[in-house]
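Here is a short report on one chain.

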Amino acid sequence: MSEVLPMTAMTATAAPADRITVRNLDKRFRGASGDVVAVDNVSFTVRQGEFVALLGPSGCGKSTILNMVAGLLERSGGGVAIDADPVVHGAINRKVGYVFQRDTVFPWRTVEANIGYGLEIAGDSKTARAAKVQRAIETAGLSGFGRSFPRTLSGGMRQRVALMRTLILEPEILLMDEPFGALDTHTKLEMHKTLLEIWERERQTVLFVTHDLGEALTLASRIILLSARPGRLKEDFEVPFARPRDPVALRESAEFGRLYSHIWHSLGEEFRRTKAD
Amino acid sequence: MTARKMSIWAWRLVVLAVLLGTWEWGFDLAKLVLPKAWVPKFLDPYFVSKPTAIWASFLRLGCFTDPLGFSACLAANDNNLWVAMLVTLKNMWWGFLWGTGLGMLTGLVLGRSDYLSEIFAPFIVALNSIPRIALVPLIILMFGLGDLSKIVTAGIVVYFVVFFNTYEGTRAVDRDQIAAARLLGASEFTVLRTVVVPSALAWVFASLTPAVSFALIGVIVGEFIGAERGLGKLIIEAEARANASEMMVAIFVMMIVGILLAIVVRRIQGYLLRWQPQFDKS
């Protein structure tokens, strides 16, 4: 496979600003038998208002890239910038919201208190929080569960709480690490619907990590495809489907099927390589 | 109440009645029917008293049957049952408080800092391997026969239990939850207050029920070895007069105090940990 030029380099126009810039990013982990290269010379940009899926097989380092963008993980080489500001490991950027794959809802807080957490620690008064929290609960379809503790909720509902806990702070940039990876297919589709409704209204800049091609095609405006370990940029292409999108109808459409099977060939090759390792 | 619960309570009453009945009449009955060598000597009411005798002692020690009246009886003895109970409870409370407070504080600090915990680990292990009771004579020497030495003893006994649980609980906090809080804008201190403490609280509470018992043990042992007042002192005095009934009264008072305190701790625990399934009341 020849080295594919990042498409951003070819299609960059003056209009939307670059929000996330990743340049020659490397990550090596120290292993028992020498260093393991997890991410190898990855460069891409995400522009204002784009919904970019970072797609690749398991273990290709896509979450590692996301965590370096978030400043949660130290880089081995290269640079990451949010707007013009270089990302510093350990420093939290208030423009950025992050949603984990694992359930990180606080079990000792009610749904309301979880969603209002960021506002509470920012010093907003209880009355100032209440209206926003109530609106977030309705948006997430969690009406009637405000006073419930997370253990009484299903996995999908808990992930809705985690999503709203991040979105209520109105982050301009949203980093999502396989947020629906642990959910069953039906719940996943419901979550796609909710997320699309929110994103099509607010148009945050999103970098969404997933290994699920269908999910990437359903949600994203652009897909960055990574190779199996070590993670290298393999392809970068636009997803042409019109918006607003309905996840169920979209998946049943013929053009979805065509694009899916077309991409599956390159991704399928990666999956075989992962298995052979 | 379900039929099952009713039968369980009925059987409990039967067991209680058999125990009390055997205690009251068992020894005398055994002496009548069994050969002398078969009757266990230590069950002699001289050693273990009898429920009726204990009740009579309770009424007398509690100043309920004194011909001079309740208050005059209390004034006549500065270590009467009620004063003894209050003194023991008070010392236990203060010991529990400082032991728990310091245990939680140091457990939290060392649990959050790998560096500090590595420095202090050998010292804590060394101190922890001293049987706490062995320190009591030393503590009495240092802090005197009064209340302070009992408070110190109870606190030391409580401290290590709470410390180890808080430490483990702090280590067990989900790293992703901490990262999530940081990403939502929490400072180091806010993470401590809103994530680490609530999350570790389940572990801390697991240690508080035993800590209450340990505080009581600490105070009582302190009073055995040297004290002016308290339930332990009452027992030692009764022992000097070979009065089993009075010793039993003090023991029962401690038992009831222990039960009540355990209920209080469980209530508080049930409220603070209501987010956990095992404390779900709904």
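## Overall fold

Chain A holds 10 helices and 10 strands. Helices (H or I, at least four residues) and strands (E, at least two) are DSSP runs, numbered from the N terminus. The radius of gyration of chain A is 19 Å, close to the 19 Å that the globule rule gives for 277 residues, so chain A is as compact as a globular protein of that length. That radius is taken over C-alpha atoms, and the rule is 2.2 Å times the number of residues to the power 0.38. Along its principal axes, the C-alpha trace spans about 55 × 45 × 45 Å.

This is a predicted model: local features need pLDDT of at least 70, side-chain atom pairs count only at pLDDT 80 or more, and totals for chains, interfaces and linings use all residues. Residues are numbered from 1 along each chain as its sequence is written, chains are lettered from A and ligands numbered from 1 in the order in which they are written, and side-chain values use heavy atoms, with hydrogens and water left out.

## Burial, contacts and surface

Of the 277 residues in chain A, 52% are buried (under 20% relative accessible area, 1.4 Å probe, protein chains only). Now take contacts (heavy atoms within 4.5 Å) between residues at least 6 apart in sequence. In chain A, 71% of these join residues at least 24 apart.

The accessible surface of chain A comes to about 12300 Å², by the Shrake-Rupley method with a 1.4 Å probe. Carbon and sulfur atoms account for 52% of that surface.

## Charge

Chain A carries 36 positive and 34 negative side chains. Lys and Arg count as positive, Asp and Glu as negative; His and the chain ends are not counted. The centres of the two sets lie 4 Å apart, with each charge placed at NZ of Lys, CZ of Arg, CG of Asp or CD of Glu.

## A four-stranded sheet

Four strands of chain A form an open antiparallel sheet in the order S2-S1-S4-S5. Two strands pair if DSSP finds at least two bridges between them. Strands S2 (34-47) and S5 (85-86) stand at the edges with a single partner strand each, so one side of each has no neighbour in the sheet.

Five bridges join S1 (residues 18-31) to S4 (residues 77-82). A:Asp26 has A:Gly77 as its bridge partner in S4(A), and A:Arg23 stands opposite A:Gly79.

S4(A) and S5(A) pair over two bridges. Here A:Ile82 stands opposite A:Asp85. Their hairpin has two residues between the strands, and A:Asp83 takes a positive phi near 55 degrees.

Conventions. Buried means under 20% relative accessible area, exposed over 50%, partly exposed in between (1.4 Å probe, protein chains only).
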